[in-house]
Amino acid sequence: MSNPPLRTTAPRQSIALIDKYHSSRPSTDLNTGDNSDKDPNPISTESNPDVLHPVNTTTISPAPDGGPRAWLVASASAFIFFCTLGYSNAFGPGSAPCNLSSPSSPASSPVPLFDRYGAVATVRPGALLFVFAVMMTSVCKQYWQLMLAQGVVGGVAMGLLMFPAMAAVAQWFDKKRAAALGLAVSGSSVGGVVVPIALGRMLNGGSAGGGGGGLEDSREGGHLGFGWSVRIIGFMMLPLLVFASLAIKPRLPPRTTSFFLVKALKQRDFVMLVFAIFFLFLGMLTPLFFIPTYAVSRGVDATLASYLLAIVNAASTFGRIIPGVLADRIGKLNMLAVGGVASGIIILCFNKAETTAGLIVYSVFYGFSSGMIISGASAALTVCPRDPRDLGTYIGMGMALGAIAVLIGPPINGKLIDVYGGYLELSIFSGVMCFVGGLVTIASKMMTPQGICGRV
């Protein structure tokens, strides 16, 4: 009798070892965080039957695109944006506590920390640091103290909170990613309505500008002074940020590659998108900074002029959610391009809103179109990475480079007003920049496999 082939025993040994390998691992679903008898682990190990040990290759499972855990992360991210940008929007032009931490701060370098270490190294310390910055702002008496508390500490804390939150949402969603990001970022619009009005009421009983009380902790007319007004906002933020710190968790295992992904700067689609975001941010924020002072120059009551920012933020809520839902259907780059071109046209008409009714209607249209850019930029950047574990780093690097324009645009616009004494030149410059950003977004589609006419 002939001996059986030696190879017949190898598959059985391999199967036995594979069964032992799987049984030694906890059966935990990374998509839901629940234990079950099934093994829905998003990392599946493939092995060769001819060897005794599985090959070290991993396959990432698709994002759940919903479920309680995923929507909990999106809701927690909305709370983060409510606290950070909502509070930042409370201090408009002409108020004592200036908005020193920009809405898209270049402090987005903590995102690679989230990809490597999760929320423990980013969101949780960021939440504590941001509440600390708000409390320190409430005791500021001099400008350098305000610069340190709100500008430096608050800016770093916002970077630790906002961009890791967007990265977490991007990991839990794929086909509904733009809608989920729009929901998360819409928290800043809601905060931009609630926080300025609350601060205005506590400070002087009427204005939504939030800065009428100045840095002096005085009480006039039975209303709270600056210090306690800001401290109350800080206490309001505390439970929201604690909830967000506990709810936001990464779905994917940490990546072990380099801290910053230099390969991203070699991708033509990513570089083109960064240029597009730069031009969009260079012109997009102009009405947000100047519409109250412009309205006053047109004879609008100062109290109503301060409420125009609340109208802008209210309209921006719908401009972040509705286009996000559409972007998942017609393409993220397509929707960002539409938002850029539409915002450019609207900003070019800035000087033509001359009456109170006209300014209110203008604020609604501008708020909606600018919301398309704010939520669409982060969603568009998720098209670039090939590995879903790199989503956060791509978003962080892209937003950090593009957000440099936030530091350039407002000073240029202010200089244009000083030189020409009006708002026409300002609207032309900012409108053209947004229009160019929309066109560059369209051009970036040529770098994708789908092409310029693709649904991407």
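Leaving out residues up to four places away in sequence, Ser229 touches Leu199, Met202, Leu203 and Leu224, where contact means heavy atoms within 4.5 Å. Ser229 itself sits in helix 7. With a relative accessibility of 0%, Ser229 counts as buried; buried means under 20% relative accessible area, exposed over 50% and partly exposed in between, using a 1.4 Å probe and protein chains only.

This is a predicted model, in which local features need pLDDT of at least 70 and side-chain atom pairs count only at pLDDT 80 or more, while totals for chains, interfaces and linings use all residues. Residues are numbered from 1 along each chain as its sequence is written, and side-chain values use heavy atoms, with hydrogens and water left out.

## The chain as a whole

The protein chain has 15 helices and two strands. Helices (H or I, at least four residues) and strands (E, at least two) are DSSP runs, numbered from the N terminus. Of the 456 residues in the protein chain, 53% are buried. Among contacts with a separation of 6 or more, 78% come from residues 24 or more positions apart.

## Arg320 and Gly371

Let's turn to a pair of residues that meet. Arg320 lies in helix 10 (residues 302-330), and at 3% relative accessibility Arg320 counts as buried. Setting aside residues up to four places away in sequence, Arg320 touches Gly182, Val185, Ser186, Ser188, Ser189, Gly371, Ile374 and Ser375. Arg320 and Ser375 are 55 residues apart in sequence, yet their C-alpha atoms are 5.5 Å apart in space.

Gly371 belongs to helix 12 (residues 356-381) and is buried, with 0% relative accessibility. Neighbours within four places in sequence aside, Gly371 is in contact with Ser316, Gly319, Arg320 and Gly376. A separation of 8.6 Å lies between the C-alpha atoms of Gly371 and Ser189, which are 182 residues apart along the chain.

## Helix 4 and its cover

Helix 4 (residues 123-137) has 15 residues and reaches 21 Å from its first C-alpha to its last, close to the 21 Å expected at 1.5 Å a residue. The expected span is 1.5 Å times one less than the number of residues in the helix.

The buried residues of helix 4 are Val123, Gly126, Ala127, Phe130, Val131, Ala133, Val134, Met135 and Thr137. If you want to see what covers these buried residues, the cover includes helix 2 (68-88), helix 5 (143-172) and helix 7 (226-247).

Helix 15 has 21 residues and spans 30 Å from its first C-alpha to its last, close to the 30 Å expected at 1.5 Å a residue. Its buried residues include Leu426, Met433, Val440 and Ala443. What covers the buried residues of helix 15 includes helix 8 (268-284), helix 9 (286-297), helix 11 and helix 14 (404-420).

The axes of helix 11 (residues 332-348) and helix 15 (residues 424-444) come within 7 Å and cross at roughly 165 degrees. Axes are lines fitted to C-alpha atoms, for helices over the stretch in contact, and angles run from 0 to 180 degrees between N-to-C directions. Helix 11 and helix 15 are therefore roughly antiparallel to each other; angles under 35 degrees count as roughly parallel, over 145 as roughly antiparallel, 65 to 115 as roughly perpendicular and the rest as oblique. Their crossing is left-handed, meaning the near helix is turned anticlockwise from the far one by less than a right angle, with clockwise being right-handed. In the contact of helix 11 with helix 15, the residues divide into twelve nonpolar, nine polar and no charged. Here Ala, Val, Leu, Ile, Met, Phe, Trp, Tyr, Cys and Pro count as nonpolar, Asp, Glu, Lys and Arg as charged, and the others, Gly among them, as polar.

## Helix 5 against helix 13

Helix 5 and helix 13 (residues 391-402) pack at an angle of about 140 degrees, with their axes 8 Å apart. Helix 5 and helix 13 are therefore oblique to each other, and helix 5 passes helix 13 in a right-handed crossing. On the helix 5 side, Phe163, Met166, Ala167, Ala170 and Gln171 meet Leu391, Gly392, Ile395 and Met399 of helix 13. By class, this contact has seven nonpolar, two polar and no charged residues.

## A loop residue with positive phi

Asp65 is found in the loop between strand 2 (58-60) and helix 2. Its phi is near 60 degrees, a positive value in a residue other than glycine. Asp65 is buried, with a relative accessible area of 14%.
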